[in-house]
Amino acid sequence: MSKPLIIGSVAYTPNVVTIWEGIREYFGDGPAEMDFVLYSNYGRQVDALLAGEIDIAWNTNLAWVRTVAQTGGECRALAQRDTDTVFQTIFVARTGSALGGLEGLKGRRLALGSKDSAQAAILPVHYLHEAGLGDDDVELLRINSDVGKHGDTGRSELDALRAVMDDKADAAALGINTWEAIGRDELMPGAFEVFWESPTYSHCNFTALPTLSDERAAPWVEKLLAMDFDNPAHRPILEMEGLRQWVLPKMDGYASLFDAVKEQGISPRW
Amino acid sequence: MVSPLLVLDLVERTGPLPLGATVAVPLDGSDDDVALVTAWCTRSGNSLVEVIDGVATVRRGPSPDPYADLDPDQIPGTRLWIYTNFDCNLACDYCCVRSSPQAERRALGADRVRKLAGEAVDAGVSELILTGGEPFLLPDLDDLVAACTAALPTTLLTNAMLLRGRRLEMLRRMDRDRLVLQISLDSPTPELHDRHRGARSWERAVAGIRTAQADGFRVRVAATLEPERFSELEPFKAFLDDLGIARDDQVIRALAHRGVADTGLELTVESLIPEITITADGVYWHPVSADHDDQLVTRELFPLADAIAEVKRRFVAHRAKADAAAQWFPCA
Ligand code: SF4
């Protein structure tokens, strides 16, 4: 029997333990047994991947971009959640603000989430630039309340929304997952409205180095993709992890973040 | 207008929680807030445990299945207990409903029993259990039993003292295929049994068991024991084996501190899995408490389905609270 693949993941909530114990159990009956190791932040996890301590890292999009940078593009993405292929950043303001689009932010204050959050900080600035807004055109209020976890906890995004409520900012940028978590604009009609939605982009993926042979990776990916939302044994794990189906990665969905990291001079390391 | 900050608080406070753990979220007290928390929980797959004094307790993830730990026949509403009457020819010193020859009859009557049996079928009940007092004191017991056995498999509890003459004739008219007799017997020799249940009652109970068996009835024996006697059950079981009582029909339970019993297990609504119980006075949580208002569910016997739904609702609420409490005070 070959030794189990070791998957790294960042423990941004205690439920990560439940999720990975469930996934490990699912893989337990072969042919691609696995175990997992948890890290407190993505920097530590990518270091461990590069050091060969883990075979596969469950990375955010920023961790992926940084791994690509550090490996000269040698790493590869194995799979991701269906929800990772259609991630979005949402720009919201108080209802009735009539910002009308990103241009409406000129001269206004935009609250951003943690600086290492692709969805709530890096990509929003990129979108502003794309809309022709320079660094002096929008006053950025940066809220770094969950640095290291790449915005996974959503805390900085909630703080950004609070800043809008408290009139410390005119608008906030957040990931679609946080927007969903607060019930979009349906639970609190009259509180927030969306004035711009980004194109979809790719978020997390399972990242491996070339040292992981296809022979070992392929059965693992095949078994992962076979998890079935309609199977009552699999469903709770998939629900907790926020997906219906594991899919092959959508690589062109990372282009915008590569561009953003380059133009903002974000370092490939931590 | 509800406060959007409340939703932000909910997301932030539940996010770091392990599944199943709970957190208290203060509300500003308006009904809108409660509606908002409810809507958010539904949408986000979390559960609202309760709102007390303006503080919502929210559990991460769905409510655990309140029936998960129960055997299928323990699910409330599966069995229905019916107290036919409260008077009794005996006056046992541990009787949980204070029955005796002096106790008022408080009979349900054939009409209500028939109606209950009919509604029980529709409400999904799968077994009826008739008890008292001593049911054989009722002159029309055979009618009551016939109404029950026509509807569902039925168990009839008796002390078996009275299986003679006219009452034996009543027994013989009952449906052997649908009726089990459950007879009380507390020990393999007279001494202990008689001490609690009266002189010569052991001898007559054993004779009653034999009579019922001889007439082709399946007999279950139920013993009520002080908790300390649970360590010496083998001689009793051997005696019951010899009497021809199948092991599955040997029911041994602990004495409850109810009725005239001055010791025994303390049983509260919170600690008892409900066994819905109907008496002439109302619907009770459990047969051991059928004479105690602390476990009265409602005075309305009908519609039976409503009473069952109310017991289930309370049970789910108790479970949710207990689970939440377990999360509040984790073992160190
Ligand atoms: S325990 Fe049974 S037999 Fe004894 S007094 Fe109570 S009802 Fe009668």
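Which strands of chain B each supply at least two residues of the lining of the second largest pocket? Keep that question in mind as we walk through this predicted model, starting with the pocket itself. The strands to look for are E4 (79-83), E5 (127-131), E6 (154-158), E7 (179-184), E8 (218-225) and E9 (250-254), all of them in chain B.

Helix H3 of chain B covers residues 110-122 and helix H4 of chain B covers residues 141-151; the two pack with their axes 9 Å apart, at an angle of about 10 degrees. Angles under 35 degrees count as roughly parallel, and H3(B) and H4(B) are therefore roughly parallel to each other. On the H3(B) side of the contact you will find B:Ala110, B:Val113, B:Arg114, B:Ala117 and B:Val121, while H4(B) brings B:Leu144, B:Ala147, B:Cys148 and B:Ala151. By class, the residues of this contact between H3(B) and H4(B) are eight nonpolar and one charged, with no polar residue.

Now for the place where the two chains meet. Here 22 residues of chain A are in contact with 18 residues of chain B. Between them, chain B and chain A bury about 1,700 Å², and 68% of that area is on carbon and sulfur atoms. Which residues of chain B lose the most area to chain A? They are B:Leu8, B:Glu12 and B:Arg43, which together account for 37% of what the chain B side buries.

Rolling a probe the size of a water molecule over the atoms shows where empty space is left. In this structure there is one cavity of 30 Å³ or more, and the largest cavity holds about 40 Å³ of space. To find the largest cavity, look in chain A for its lining: A:Val125, A:Leu128, A:His129, A:Leu133, A:Gly134, A:Asp135, A:Val138 and A:Leu140. Helix H4 of chain A (residues 118-130) gives the most to this lining, with three residues. By class, the lining of the largest cavity has five nonpolar residues, two polar and one charged.

Definitions and conventions: Residues numbered from 1 in each chain as written. Chains lettered and ligands numbered in written order. Predicted model: local features only at pLDDT ≥ 70, side-chain atom pairs only at ≥ 80, totals over all residues. Heavy atoms only, no water. 1 Å grid on protein atoms, 1.4 Å probe; cavity = no way out; pocket = protein on both sides within 12 Å on 5 of 7 lines; lining within 4 Å. Points joined across faces, edges and corners; volume = space filled by probe spheres on them. Helix = DSSP H or I, 4+ residues; strand = E, 2+ residues; numbered from the N terminus. Nonpolar A, V, L, I, M, F, W, Y, C, P; charged D, E, K, R; others polar. Axes fitted to C-alpha atoms, helices over the stretch in contact; angles between N-to-C directions. Parallel < 35°, antiparallel > 145°, perpendicular 65-115°, else oblique. Contact = heavy atoms within 4.5 Å. Buried area = accessible area lost by both parts, 1.4 Å probe.
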